[in-house]
Amino acid sequence: MPNFETYFLMKESDIPLYIKTKMPEFFGSAAKVTAKEIGDGNLNYVYRLADGTGKSIIVKQAGVALRISEKMKISTDRNRIESEILLLQAKYAGNLVPKIYQYDTVMCACIMEDLSDYQLMRYALMEHKTFPRFADDISTFMVNTLLSTTDIIMEHKQKKELVKSFINPQLCEITEDLVYTEPYNDCNKRNIVNADLLGFVKKELYNDTALHLEAAKLKFDFMNNAQALLHGDLHTGSIFVKGDSTKIFDPEFAFFGPIGYDAGNVIANLFFAWNNGNAGGDNKFCEWVLKTACDVIDMFKEKSLRFIKTNATDVMAKTSGFAEYYIDAIIADTAACCGVELIRRTVGMAQVKDITTIPGKEKRLRAEKINILCAKNCILNRTKFKTGGDFISALKTAASQV
Ligand code: SR1
Ligand code: MG
């Protein structure tokens, strides 16, 4: 019987003993506990344990190789990073993140709250469900977790200590490659482009040197702008939703980077949902998505300005006009990062089901072209993006061109 004192990749059958060893009080010794692997992401293994009486809990373990590709090996320390970030985010954003009960740096596993009564937001959106609280919740999450960890608010030496402990080179490298490099040149031959789209991709992405220059600038900003502690992978597959409740999880890509990267991911993934709704002719859903994306930006802007004005500790950051300048720059970055996410999920190796499940070649092709055209506008004209309405116009303009 394993004692869990040396790392190995657990199987479903190991998990009941694992929880009994690590958290004996949770189910009690008499309980009949079963485990089921429910992981849906590209990287880790997620097990749900239940005792049949309504009690349940989650164990998440990092494997040495990624689920998406056996060839891709990354440090299992990502589980510690994820757990520590969730604990920190809970301080800033309270119940917008799941509870971590404990984490284990030997087995590279954490034990956390079961959110099985929630649905993964990507799948809920693919069923064209709507969530009235989402814009308010996600903007609060971003303002509280991101701005609190900037030099505007956090004491500078404390921030530098955090930068050090949340350095995440291997997961950042994945983003540097998959988001900021391969979509523009397919240099690692991992892009996935349908034959019907290839000509368009060559013209609009592979051969557009002006776009390459902007993508290169953005890549180096991602690598060097340690602005705030990001979630790092804030797409709709990292968010659980239920009626009027939102939980943001899976921050294993977290590191100190540009705030626009998180915000841009949220908007791009709402645009994928819009494309899915648009292909299905669901106008009401599409309107909700557009209003939500618009509200996310406008609420984020308004709450950020208020948050900075109330909480800034840096003397120079309190200078009149600075908060507005700072947030304007974040909105421009958000547009650019929305663009790079739209592109990489359309042609890169890690695609999204909102787009890949669109039935009918023509409809999917249209969605893919809309993503690419909208993305280019967001990247090339990023400094012109000021409000939520500017993002919506970019999507509508792209849709009218295809
Ligand atoms: C190799 S991992 C592929 C993608 O999955 C994660 O969720 C990140 O988005 C990453 O880029
Ligand atoms: Mg993930």
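This briefing describes a sheet and the nonpolar cores of one structure. The structure is a predicted model, in which local features need pLDDT of at least 70 and side-chain atom pairs count only at pLDDT 80 or more, while totals for chains, interfaces and linings use all residues. Residues are numbered from 1 along each chain as its sequence is written, chains are lettered from A and ligands numbered from 1 in the order in which they are written, and side-chain values use heavy atoms, with hydrogens and water left out.

**The sheet**

- Five strands form an open sheet in the order E1-E2-E3-E5-E4, and their pairing is antiparallel. Strands (E, at least two residues) and helices (H or I, at least four) are DSSP runs, numbered from the N terminus; two strands pair if DSSP finds at least two bridges between them.
- Strand E1 (34-37) and E4 are the edge strands, each pairing on one side only.
- From one strand to the next, the twist averages 20°.
- Helix H3 (residues 78-93) packs on the sheet and touches E3, E4 and E5. The direction of H3 makes about 155° with that of E4; axes are lines fitted to C-alpha atoms, for helices over the stretch in contact, and angles run from 0 to 180 degrees between N-to-C directions.

**Strand E5 and its partners**

- Strand E3 (residues 56-61) pairs with E5 in the antiparallel sense over four bridges. Glutamine 61 stands opposite alanine 109, and valine 59 stands opposite isoleucine 111.
- Strand E4 (residues 100-104) also pairs with E5 in the antiparallel sense over four bridges. Aspartate 104 has alanine 109 of E5 as its bridge partner.
- E4 and E5 form a hairpin with four residues between them, and cysteine 108 in the turn has a positive phi of about 55°.
- From E5 (residues 109-112), Ala109 and Ile111 point one way and Cys110 and Met112 the other way; all are buried (under 20% relative accessible area, with exposed over 50% and partly exposed in between, for a 1.4 Å probe and protein chains only).

**The nonpolar cores**

- A nonpolar core is a set of buried Ala, Val, Leu, Ile, Met, Phe, Trp, Tyr and Cys residues joined through side-chain atoms within 4.5 Å.
- The largest such core has 101 residues, and those touching the most other members include Phe134, Phe141, Leu270 and Val296. Helix H12 (residues 322-347) gives the most to this core, with 13 residues.
- Apart from this core lies another of 17 residues, among them Phe4, Met23, Phe26 and Tyr45.

Notes. Contact = heavy atoms within 4.5 Å.
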